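Q: Hey, I'm new to this one. Could you walk me through it?

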There are 2 protein chains.
Amino acid sequence: MTKNVPHFTDSMVYSIEQIAIYLEIHGKNFFSQITNGELTPEEFRTIDVILCNPNICQRDLAKLILRDRVRTGRILDALEAKGLIRRFGDMKNKRLVKKMELTEKGNKYFQDITKRVQPYLVTLCEKFSDKQIVELKKLLNSLKEVLAEIVKVPV
Amino acid sequence: MTKNVPHFTDSMVYSIEQIAIYLEIHGKNFFSQITNGELTPEEFRTIDVILCNPNICQRDLAKLILRDRVRTGRILDALEAKGLIRRFGDMKNKRLVKKMELTEKGNKYFQDITKRVQPYLVTLCEKFSDKQIVELKKLLNSLKEVLAEIVKVPV
DNA sequence: TATTACATGTTGCATTTGTAACATAAATAT
DNA sequence: ATATTTATGTTACAAATGCAACATGTAATA
């Protein structure tokens with residue numbers, strides 16, 4: 001009697017990966033359009049994380065956006081070059097670290113983009129009831145927690 | 001009265017993107033370990049799609065794995081070089097196209113990896129009830145359909 | 001028939017990303 | 001006190017990816 005192993009493409013993981021690809025393609029198109037290529041989706045997310053977590057160093061930021069230190073540094077290089085953030089040295093556990101904050105320009109810019117992103121986020125949810133949205137968010141967050149325990153991010 | 005725009009990082013989209021990053025990191029580690037770097041997660045997924053969709057040409061495959069033709073072609077180059085698939089010319093709408101099929105070796109290899117992937121997929125679901133799993137899959141598939149309509153994949 | 005558009009796959013180059021190593025300095029161990 | 005480990009950020013090179021263009025052949029159109 002042969003064991004019936006299900007196809008990977010029927011798994012939840014595959015669905016999420018496909019959704020992520022869609023989101024990536026759309027994000028790239030969307031941002032390149034509404035910002036004239038001045039801001040990438042990843043840069044946008046990073047700014048939001050910086051805003052929600054003031055006074056963190058680069059490595060802490062890396063842990064939050066789940067990217068390694070090199071990549072995180074490069075994102076910040078780009079944001080700094082565009083004048084959207086400012087970097088400054090500071091101490092953390094008696095160690096010199098680099099922290100960052102939004103500039104006036106960055107803040108204004110970010111507010112503007114954030115507003116323009118809303119309609120898209122709403123569109124995605126239109127097919128779902130409020131209750132479904134809540135349920136989906138809850139399940140996704142649980143899944144994220146499971147993954148956070150299993151997966152070690154190289155930071 | 002200021003409008004209260006929610007943070008992007010509180011959105012469902014952000015959660016999914018983070019989960020996807022976790023899955024990517026883990027997939028890379030996992031596959032590089034159990035296959036000694038011989039197979040990437042993307043190659044594995046591609047093989048599964050090929051198996052589930054026999055007799056398709058490269059472009060049809062590209063549409064299914066949501067990658068452009070260049071990238072799809074390169075994945076197939078790699079799989080062919082490893083002797084896991086065979087490519088052959090065929091006709092589709094009076095047009096010469098390239099199709100592909102698993103080799104004996106590829107089939108055996110794939111079955112083996114598939115079995116080893118199962119425990120991981122199970123682990124991810126452990127925290128959820130069967131009912132929750134069903135619900136989550138259903139919601140994700142709906143979301144995927146919404147995205148499939150909105151996002152045009154450049155193939 | 002000539003021309004234009006579409007479908008399919010590939011190539012070449014620029015950009016992005018990943019990996020390993022380096023640099024610095026503090027904490028810890030010997 | 002000296003050596004080793006840990007934390008943080010950067011640099012340099014290799015690998016992967018994206019994008020535009022090409023190549024070929026069919027369909028559609030003028």
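This is a predicted model: local features need pLDDT of at least 70, side-chain atom pairs count only at pLDDT 80 or more; totals for chains, interfaces and linings use all residues.

Q: OK, where is B:Thr123 found?

A: B:Thr123 is in helix 5 of chain B, which covers residues 104-125.

Q: And what is B:Thr123 in contact with, leaving aside its neighbours within four places in sequence?

A: With those neighbours left out, B:Thr123 touches A:Val146 and A:Ile150. Its relative accessibility is 29%, so B:Thr123 counts as partly exposed.

Q: Those partners carry the other chain letter. How many residues does the contact take from chain A and from chain B?

A: Chain A gives 62 residues and chain B gives 62 residues.

Q: What area is buried between chain A and chain B?

A: About 6300 Å², with carbon and sulfur atoms giving 77% of that.

Q: How many salt bridges does the rule find across the interface?

A: Two salt bridges cross between chain A and chain B. A:Arg45 and B:Glu17 meet in a salt bridge through their side chains, at 3.6 Å from N to O.

Q: Which helices of chain A supply at least two residues each to the side that touches chain B?

A: Helix 1, helix 2 (41-52), helix 3 (58-65), helix 5 (104-125) and helix 6 (130-150) each do that. Sorted by class, that side of chain A has 37 nonpolar, 13 polar and 12 charged residues.

Q: Let's stay with helix 1 of chain A. Why call it largely enclosed by the rest of the structure?

A: Because 18 of its 23 residues are buried, helix 1 of chain A is largely enclosed by the rest of the structure. A:Asn29 is found in helix 1 of chain A, and at 35% relative accessibility A:Asn29 counts as partly exposed.

Q: How far apart are the end C-alpha atoms of helix 1?

A: They are 32 Å apart, and at 1.5 Å a residue the 23 residues (12-34) should span 33 Å, so the two agree. Just after helix 1 of chain A, A:Asn36 takes a positive phi of about 55 degrees.

Q: Changing topic: how many salt bridges are there over all chains?

A: The count comes to 22. One of them joins the side chains of A:Arg71 and A:Glu42, at 2.8 Å from N to O. That pair links distant parts of the chain, with A:Arg71 in helix 4 (residues 69-81) of chain A and A:Glu42 in helix 2 of chain A, 29 residues apart.

Q: Is A:Glu42 buried or exposed?

A: Its relative accessibility is 13%, so A:Glu42 counts as buried. A:Arg71, on the other hand, is partly exposed at 37%.

Q: Which side chains make polar contacts with the side chain of A:Arg87?

A: A:Gln58 is one of them, at 2.5 Å. A:Glu80 makes a polar contact with A:Arg87 too, at 3.1 Å.

Q: And in helix 5 of chain A, what separates A:Arg116 and A:Asp112?

A: They are four residues apart in helix 5 of chain A, so about one helical turn separates them. A:Arg116 and A:Asp112 form a salt bridge, with their closest N and O atoms 3.5 Å apart.

Terms used. Residues are numbered from 1 along each chain as its sequence is written. Chains are lettered from A and ligands numbered from 1 in the order in which they are written. Side-chain values use heavy atoms; hydrogens and water are left out. The expected span of a helix is 1.5 Å times one less than its number of residues. Buried means under 20% relative accessible area, exposed over 50%, partly exposed in between (1.4 Å probe, protein chains only). Contact means heavy atoms within 4.5 Å. Buried area is the accessible area (1.4 Å probe) that two parts lose on being put together, summed over both. A salt bridge is a side-chain nitrogen of Lys or Arg within 4 Å of a carboxyl oxygen of Asp or Glu. Ala, Val, Leu, Ile, Met, Phe, Trp, Tyr, Cys and Pro count as nonpolar, Asp, Glu, Lys and Arg as charged, and the others, Gly among them, as polar. A polar contact is a pair of N or O atoms within 3.5 Å; within protein, one must be able to donate a hydrogen and the other to accept it, and residues adjacent in sequence count only if both atoms are side-chain atoms.
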